[in-house]
Amino acid sequence: MNKITITGGHVINGTIQASGAKNAVLPILAATIVGQGESHIQHVPHLHDVTTMNELLVQMGAKLTVDHHSDITICTDHLSNQTAPYETVKTMRASILALGPLVARYGRAKVSLPGGCPIGARPVDLHIKGLQAMGAKIDVEDGYILATCDRLIGNRIVMEKVTVTGTENIMIAATLAQGETLIENAAIEPEVVDLAKYLKAMGAEIRGEGTSKIYIQGKDHLKGTHHAVMPDRIEIGTFLVAAAITGGSITINNSCNDDLDAVFDKLTEAGAQISTTENSVTLNMQGKRPNPVNIRTAPHPAFPTDMQAQFCALNAIADGTSHITETLFENRFMHVEELNRMGANIHVEGNQAVIKGVKQLSGAPVTATDLRASASLVLAGLAARGNTDVHDIHYIDRGYEAIEEKMNQLGARIIRN
Ligand SMILES: CC(=O)N[C@H]1[C@@H](OP(=O)(O)OP(=O)(O)OC[C@H]2O[C@@H](n3ccc(=O)[nH]c3=O)[C@H](O)[C@@H]2O)O[C@H](CO)[C@@H](O)[C@@H]1O
Ligand SMILES: C=C(OP(=O)(O)O)C(=O)O
């Protein structure tokens, strides 16, 4: 079941519910480590990465139960093992998020260095430097980060680059440190804010989340709590593009519209009509061919790199030429060659893709190379003439809950085989 077949040419039309955000639930699950007692987490999406993070916590000694379809209860009172092994970390880079919480709560952590990821080198030097600034002793041996401390001590940490999981790792660790930590040049992504909301409900004292300066006053203990995970803005963006690329219309309930300004702006520029209510968004493309849109990815609130591949697919059938510049990851254009196999005309020079829109893509066998590359190939398949087989589709299950069910509910023809 590692291939899906999309029969193109069916217009996306209808209503779906957004799932909980992958990039919020993963740090929140890691943050359960710093609490005592049970946490009840709602809107947990069924994703491969979530299963991996849960397995990691259970291997460490956490007690975890699935209460309803998407609610879990987790208790991390007795973690006898503070290791994140290579076998787990190599499939999910977010496992690095166990480092800060483990060393903060247990004074010890052994986390495998994340493996080379197809979208770029993705070092974790800033996670390490931040924890060192708080007094952790860190050695890298045999592919593992070994961190130890008596108790972390709050400090002023200036991040050399904006890093989302780096900010999250330090922020979680600082909640149990002695004294105050200031993270400067912090990431302001909505998922960092959702994590801070969870930590504050556990009793943490945090100010400034959502800005580039986050202040954390360390506490002796934190307790388990309730939290509902925020909606997945990248899933929402991807389904909006699905409607736009087929000339259709869609309403997505449980949307976080304030976090999607840059994506809405580009879809509007592409010719879509977008309207919102407090927690839903409706896009209508009225059967039109998209206008080409230029994009430059950058940290929030600019255009998200996790939506870049999907807009490559949209621009591939646009009426004109567009330029997409990727500024975050050095190797995030692997979908381009596959889109070209489907008749797209895209040329990559350095960190820029020049896309000459074609009237029609045609179905072809293609191979997914990473999570968002898979999404872009599915989107292209929806608009293409004939059948598209996307091989190595397992990547998509890292980040999209029940993607073929949701797409088929909207009129797509997708089967997994
Ligand atoms: C689980 C999760 O939330 N993943 C998201 C997170 O990844 P992730 O947190 O890994 O991405 P970062 O924000 O850390 O990466 C931003 C840039 O900083 C560099 N860097 C990062 C850390 C470090 O120690 N040293 C360093 O040089 C990276 O190589 C990259 O060029 O943010 C990315 C950028 O929005 C998204 O694409 C990912 O979906
Ligand atoms: C790159 C992504 O995720 P991760 O950081 O988990 O690899 C993504 O969600 O597009």
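These questions and answers cover the domains, a ligand shell and a few residues of a predicted model.

Local features need pLDDT of at least 70 and side-chain atom pairs count only at pLDDT 80 or more, while totals for chains, interfaces and linings use all residues. Residues are numbered from 1 along each chain as its sequence is written, and chains are lettered from A and ligands numbered from 1 in the order in which they are written.

Colleague: What separates the centres of domain 1 and domain 2?

Modeller: Domain bounds come from an automatic or database domain assignment. That assignment gives domain 1 (4-19 + 231-416) and domain 2 (22-228). Taken over C-alpha atoms, their centres are separated by 30 Å.

Colleague: How many residues of domain 2 are in contact with domain 1?

Modeller: Contact requires C-beta atoms, placed from the backbone, within 7 Å. Domain 1 brings 19 residues to the contact, and domain 2 brings 15.

Colleague: Which domains give residues to the shell around ligand 2, and where does the ligand lie?

Modeller: The shell takes residues whose C-beta atom, placed from the backbone, lies within 6 Å of the ligand. Its members are Arg-93, Ala-94, Ile-119, Asp-306, Leu-371, Arg-372 and Gly-399. Domain 1 and domain 2 both contribute, so ligand 2 lies between them.

Colleague: How many residues in the shell around ligand 2 are charged?

Modeller: Asp, Glu, Lys and Arg count as charged; Ala, Val, Leu, Ile, Met, Phe, Trp, Tyr, Cys and Pro as nonpolar; the others, Gly among them, as polar. The shell has three nonpolar residues and one polar residue. The charged count is three.

Colleague: Is Asp-306 buried or exposed?

Modeller: Asp-306 sits in the loop between strand E18 (295-296) and helix H10 (308-316); helices (H or I, at least four residues) and strands (E, at least two) are DSSP runs, numbered from the N terminus. A residue is buried with 20 or more other C-beta atoms within 10 Å of its own, exposed with 12 or fewer, and partly exposed in between, C-beta atoms being placed from the backbone. Asp-306 has 24 such neighbours, so it counts as buried.

Colleague: Which residues does Asp-306 touch, not counting those up to four places away in sequence?

Modeller: Asp-306 is also one of the residues in the shell around ligand 2. Beyond four places in sequence, its contacts are Ile-234 and Arg-372.

Colleague: Why does Leu-79 count as partly exposed?

Modeller: Leu-79 lies in the loop between strand E5 (71-75) and strand E6 (83-84). Leu-79 is partly exposed because the number of other C-beta atoms within 10 Å is 19.

Note on methods. Contact = placed C-beta atoms within 7 Å.
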